Amino acid sequence: MAAIEAENLTRVYRVGDGEVRALDGLSLSVPGGELAAVMGPSGSGKSTLLALLGGLDTATAGRVSVHGEALETKSADELAIYRRDSVGFIFQDFFLLGHLTAEENVEVPLKLAGMERTERLARARELIEQVGLCHRGGHLPNQLSGGERQRVAIARALSNRPKLVLADEPTGNLDEKTGHEIADMLVQLNAEQNIAMLLVTHNPVVADRAQRQFRLGSGKLIEETVKP
Ligand code: ADP
């Protein structure tokens, strides 16, 4: 089954008397378990696409489904459950809670999903180990490097075993070497855990790690490249 299926996806923002077509009849498909990259100039609709796929926004027209689950027909409550249980988010700025340790940050989505404390602590520890941070689990975000913070964010994104991970410029705030390490980690997790991933990136080296690359322009799909 396809991880992502978007058909004629359109998102129009009304601005004053005019309108902005952030997505303008975009159709694309990502097979299950694939790592795909989205590129395109600023304003081409990349963030809007991520927001629609993540259930953070709803389309003006068109259809979008994730692992066969249609999003455009979901209510706000259903979208909240979808966001909690089915998607993991990774952001350029990490968005960790500064007063919580690395492990506690990973625990947050597990708590929201109602997991009991002992199981939660064990799961958070396992995730922190998976991203190679077992010696840093008790550190606060400001005691971690940028790359380590992004690893915590990755662990948090994986906590509820999502079938899809959405990443918005995951290496955008990291130096080149660290950015490549983070890209390596995403490639490895994608391969080992069969989680589909869609990552928006301006970095061609990172995009090149993906099996599939989409290029957007003015809310439309301009080009799709698939590795043989
Ligand atoms: P990208 O992520 O590729 O930079 P966006 O998806 O953020 O592109 O934006 C696509 C277009 O939609 C841009 O022209 C942007 O100005 C516009 N846009 C995005 N969000 C809003 C909004 N809330 N209101 C009005 N216009 C918006």
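Visitor: What covers the buried residues of H3?

Guide: The cover includes H4 and H5. Keep in mind that this is a predicted model.

Visitor: Which residues of helix H3 are the buried ones?

Guide: Helix H3 runs over residues 102–112. Its buried residues are Ala102, Glu103, Asn105, Val106, Glu107, Pro109 and Leu110. Buried means under 20% relative accessible area.

Visitor: What follows H3?

Guide: Gly114 does. Its phi is positive, near 85°.

Visitor: Why is Ser159 called buried?

Guide: Its relative accessible area is 3%. The cut-off for buried is under 20%. The value of 3% falls under that limit, so Ser159 counts as buried.

Visitor: Where does Ser159 lie?

Guide: Ser159 sits in a loop.

Visitor: What makes the pair of Arg156 and Ser159 a polar contact?

Guide: The backbone oxygen of Arg156 is 2.7 Å from a polar atom of the Ser159 side chain. A polar contact needs N or O atoms within 3.5 Å, one able to donate a hydrogen and the other to accept it. The distance of 2.7 Å is within that limit.

Visitor: Why is Ala122 called partly exposed?

Guide: Its relative accessibility is 48%. Buried would need under 20%, and exposed would need over 50%. The value of 48% lies in between, so Ala122 is partly exposed. Ala122 belongs to helix H4, residues 117–130.

Visitor: How many helices and strands does the chain have?

Guide: Seven helices and ten strands.

Visitor: Why is the chain called as compact as a globular protein of its length?

Guide: Its radius of gyration is 17 Å. The globule rule gives 17 Å for 228 residues. The two values are close, so the chain is as compact as a globular protein of that length.

Visitor: How much of the chain is buried?

Guide: Buried residues make up 50% of the 228 residues.

Visitor: How far apart are the mean positions of the positive and negative charges?

Guide: They are 2 Å apart, for 25 positive and 31 negative charges.

Note on methods
Residues are numbered from 1 along each chain as its sequence is written. This is a predicted model: local features need pLDDT of at least 70, side-chain atom pairs count only at pLDDT 80 or more; totals for chains, interfaces and linings use all residues. Side-chain values use heavy atoms; hydrogens and water are left out. Helices (H or I, at least four residues) and strands (E, at least two) are DSSP runs, numbered from the N terminus. The radius of gyration is taken over C-alpha atoms; the globule rule is 2.2 Å times the number of residues to the power 0.38. Buried means under 20% relative accessible area, exposed over 50%, partly exposed in between (1.4 Å probe, protein chains only). Lys and Arg count as positive and Asp and Glu as negative; His and the chain ends are not counted. The place of a charge is taken as NZ of Lys, CZ of Arg, CG of Asp or CD of Glu. Contact means heavy atoms within 4.5 Å.
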